[in-house]
Amino acid sequence: SFMSLPEPQFSPDEDKAFREVLKGLQKDGTTTTNNDLRWFDRSDVWTEAKASYPVLSSYTDAQLKRAYFGQKTSLVDVLLYTPVGPVFALNILAWYFHFSWCDTPFSSFLGASCSVVST
């Protein structure tokens with residue numbers, strides 16, 4: 001099994017290339033559109049990755065597959081490529097501008113959470 005292999009220790013250039021390969025696969029559609037949930041088992045995917053990024057050519061398909069399952073997520077990737085980033089940004093903007101849902105037409109749905117301030 002490939003999981004019994006030691007996790008490859010990528011150099012910074014190799015790590016950058018590997019992340020670019022994975023981002024390309026997510027944007028590409030050829031591996032995910034066909035509902036191929038086991039795309040990582042296809043040798044053509046890794047062959048194309050090694051051809052596109054020669055810095056990865058010294059690794060076997062099994063080593064690259066092991067690296068895929070062992071990779072750590074970077075904070076930048078989480079903020080830029082998941083829904084967490086926009087939600088975080090919107091919350092920061094709402095906090096900065098002192099936004100309150102009580103100031104919207106939705107306040108009637110919020111009930112007791114919006115207290116009435118008498119002047």
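Rings of Phe, Tyr and Trp (for Trp, its six-membered ring) are taken to pair if their centres lie within 6.5 Å, and planes under 30 degrees apart count as stacked, over 60 as edge-to-face and the rest as tilted. On this basis, Phe10, Phe18, Trp46 and Tyr59 form one aromatic cluster, and the structure holds seven aromatic pairs. The structure is a predicted model, in which local features need pLDDT of at least 70 and side-chain atom pairs count only at pLDDT 80 or more, while totals for chains, interfaces and linings use all residues. Residues are numbered from 1 along each chain as its sequence is written, and side-chain values use heavy atoms, with hydrogens and water left out.

One of the aromatic pairs is that of Phe18 and Trp46, which is stacked, at 6.3 Å centre to centre and with 5 degrees between the planes. This pair links distant parts of the chain, since Phe18 lies in helix α1 (residues 12–28) and Trp46 in helix α2, 28 residues apart; helices here are DSSP runs (H or I, at least four residues), numbered from the N terminus. Both Phe18 and Trp46 are buried, where buried means under 20% relative accessible area, exposed over 50% and partly exposed in between (1.4 Å probe, protein chains only). The rings of Phe40 and Tyr68, with centres 6.2 Å apart and planes at 25 degrees, are likewise stacked. That pair also links distant parts of the chain, with Phe40 in the loop between α1 and α2 and Tyr68 in helix α3, 28 residues apart. Phe40 counts as buried at 10% relative accessibility, whereas Tyr68, with a relative accessible area of 25%, is partly exposed.

Helix α2 (residues 43–52) packs against helix α3 (residues 61–70) at an angle of about 90 degrees, with their axes 10 Å apart; the axes are lines fitted to C-alpha atoms over the stretch in contact, and angles run from 0 to 180 degrees between N-to-C directions. The two helices α2 and α3 are therefore roughly perpendicular to each other, a term applied to angles of 65 to 115 degrees. The contact, meaning heavy atoms within 4.5 Å, is made by Ser43, Trp46 and Lys50 of α2 and by Asp61, Leu64, Lys65 and Tyr68 of α3.

Within α2, the buried residues are Val45, Trp46, Ala49 and Lys50. Seen down the axis of α2, these buried residues fall within an arc of 130 degrees and so line one face of the helix, the arc being that of the directions from the helix axis to the C-beta atoms. On the other side of α2, Glu48 and Ala51 are exposed.

Technical notes
Angles under 35 degrees count as roughly parallel, over 145 as roughly antiparallel, 65 to 115 as roughly perpendicular and the rest as oblique.
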